[in-house]
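Please read the following report alongside the sequence and the coordinates.

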Protein chains: 2
Amino acid sequence: MSGRQREKAGLSGFARRLLAEWRRRGWAARGERVVAAVSGGVDSLALLLGVEELTRAGLLGLDLTVAHLDHGLRGARGQEDARWVETTARGLGFEVVTGRGGVGARDNLEQAARRARYEFLAETARAAGAAAVIVAHTLDDQAETVLLRLLRGSGADGLSAMCHERRLEGGGEVTLRRPLLAWARRADTEGYCRERGLDARRDEMNDDESFARVRVRRRLLPLLETFNPRAAEALARAADLLRDDAAALDAWAARLLEEARAAPTESDEGEAGAAAWPLSVASLAAAEASPRRRAIRLWLARGRGGLRRVELAHVLAVEKLLEGTRGGRVAELPGGARVERRRGRLLFLGERG
Amino acid sequence: MSGRQREKAGLSGFARRLLAEWRRRGWAARGERVVAAVSGGVDSLALLLGVEELTRAGLLGLDLTVAHLDHGLRGARGQEDARWVETTARGLGFEVVTGRGGVGARDNLEQAARRARYEFLAETARAAGAAAVIVAHTLDDQAETVLLRLLRGSGADGLSAMCHERRLEGGGEVTLRRPLLAWARRADTEGYCRERGLDARRDEMNDDESFARVRVRRRLLPLLETFNPRAAEALARAADLLRDDAAALDAWAARLLEEARAAPTESDEGEAGAAAWPLSVASLAAAEASPRRRAIRLWLARGRGGLRRVELAHVLAVEKLLEGTRGGRVAELPGGARVERRRGRLLFLGERG
């Protein structure tokens, strides 16, 4: 037996795969403060149990805090879940932080709940001085996300779905990690919880077919698996490939924007130093369509302070300005700003313009 | 009424949309010799009738030849179809060329039939001195193709599916055009044939659910449309966006390969001038993952004369060579060739190496 084989003897298959993923991503095995997001559902319970098993085996030595948010949308059941997570996690030897509420009256319940959850995680991580937050999204969640984005007509950015590791918004230097995303099927998390003799909490929203995600999980993915039993893996693989593509094209777009930067002239002095500096039409026109459109999006985001309500049609309208040979042409943007072509340059003009 | 409005008065909706697409793509409206691939099915019949309607209205003036291939797989029914296409197309005032056979004993029937069809079209186009071949793939075909590729785990290249216009393989300067791809749903082609009072031929293969494409059409796409009635359009839009991405990344990869070209040294003189020239490890290592992997694929294709049996795993094995600091490391390729890292360069070594 090699050292590696010896250290894994007696480990469950789930813990073994979790450890392999942890190492593959180059995450520290010990000494780090980490926050684990635990709803009490089967996926997050499996993640917590997996970390606990690896800790007992001496293979992980994290300073782990369990974070649980009760959105306050499920009344007594939400409170029961919170108490259950507290008891279970303490029983496993972990510290627990619980929070409640945070979902205001926003247009989309799923989005509002998601935002409240991430705000709570960032806050908990900051308070704990944690280096990372781990969340229990699985390969099934990834496949579902790809399908939902595909149904919306997304390109590479949307189809990239969730990444394995990224900076947590609002969390400073804290990273968000998804240790189950690359490999764990829902059957794996369910099987492992059963193996460990623990019943996870059930969220009745997971059975509510008025949510598109629930219908994707229950109807669409099973149908895809009649074509290819590894359909979820195929979708996740596409997401990984497209994420690399999108990252490369974004880097290209940022370079393109620098290269196309045109010197401001006296007549548009008011715009000098603006985030959306004047662009050389000739530079942009010579670039490939895909990085050019990404550069235009990036430029509009800088000028407008975001891309709210900006559609592909607006980007194409700005791109169209590059074709004309006469000056003075304009593309209108949502919210009153506009882009003008003047003497071989594109100018971003805010509402004041 | 404007001139444009007047010229379209009395046109069917189908012909109007066909004309709009023809103009949007910048295809010549008259004077060109064009070959139309007509199986006799509802899509190709609708395309032919649409061209005929626009010709009668004086809006298109093409020198059109109808090409029909009987694959010889359906016995008497195939021959009936061929006669029917001949009679119908002649009745509409078009020349007809028919062919038969060409499907050898190959592993995949669909692929073999497809290859025979395209060889026949290229031959017909060359013989007719045609500038273009038009085929009747619809938006439904495009959505089906995206789904089939997705089920296989394809990245941007596969998910780009069919393009609206490209060079026809084996057809010299002949272009392949798909005038229905961007907009026509199967309901449009069926409705238009009905409007024109013609019953298209029925291919029983279109009802055979042992073909994955038939199951995608009958089961998967209808389920997707319960989520989004415009799911087919969303899939086609993703394909268009990813096609632009893939084209830009391929151009980047080709540039990267030039930039990474390392001077051959005396010891590998035998390889000088090879299509897969030595590459500088430092140049490749500095590049982004997505264009780098594409550059490696391109390089392997040049060295091996193709990518048969080359999988993502082989590309990643070659990429892995870039990480090491010691020389002399090797990645094996299917068919006996290999890549070696020597003194800061990657060398492609054929079977002789």
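The report turns to the interface and then to salt bridges.

In this predicted model, the contact draws 38 residues from chain A and 38 residues from chain B, and the two chains bury about 3,200 Å² between them, with 71% of that area on carbon and sulfur atoms. Of the area that chain B buries against chain A, 20% comes from B:L150, B:L151 and B:F227, more than any other three residues supply.

Across the interface of chain B and chain A there are eight residue pairs in polar contact, and four salt bridges are counted between these chains. The elements of chain B that give two or more residues to the side touching chain A are α6 (139-151), α7 (156-159), α9 (212-227), α10 (231-259) and α12 (289-304), among which α10(B) gives the most, with 14 residues. That side of chain B divides into 23 nonpolar, five polar and 10 charged residues.

Over all chains the structure holds 82 salt bridges, including those tabulated here.

| Salt bridge | Closest N to O distance |
|---|---|
| A:D245 and B:R294 | 3.6 Å |
| A:E340 and A:R338 | 2.9 Å |

B:R17 lies in helix α2 (residues 13-24) of chain B and B:D188 in helix α8 (residues 186-195) of chain B, so their pairing ties together parts that are 171 residues apart in sequence. B:R17 is partly exposed at a relative accessible area of 40%, and B:D188 is partly exposed at 25%.

How values were computed: Residues are numbered from 1 along each chain as its sequence is written. Chains are lettered from A and ligands numbered from 1 in the order in which they are written. This is a predicted model: local features need pLDDT of at least 70, side-chain atom pairs count only at pLDDT 80 or more; totals for chains, interfaces and linings use all residues. Side-chain values use heavy atoms; hydrogens and water are left out. Contact means heavy atoms within 4.5 Å. Buried area is the accessible area (1.4 Å probe) that two parts lose on being put together, summed over both. A salt bridge is a side-chain nitrogen of Lys or Arg within 4 Å of a carboxyl oxygen of Asp or Glu. A polar contact is a pair of N or O atoms within 3.5 Å; within protein, one must be able to donate a hydrogen and the other to accept it, and residues adjacent in sequence count only if both atoms are side-chain atoms. Helices (H or I, at least four residues) and strands (E, at least two) are DSSP runs, numbered from the N terminus. Ala, Val, Leu, Ile, Met, Phe, Trp, Tyr, Cys and Pro count as nonpolar, Asp, Glu, Lys and Arg as charged, and the others, Gly among them, as polar. Buried means under 20% relative accessible area, exposed over 50%, partly exposed in between (1.4 Å probe, protein chains only).
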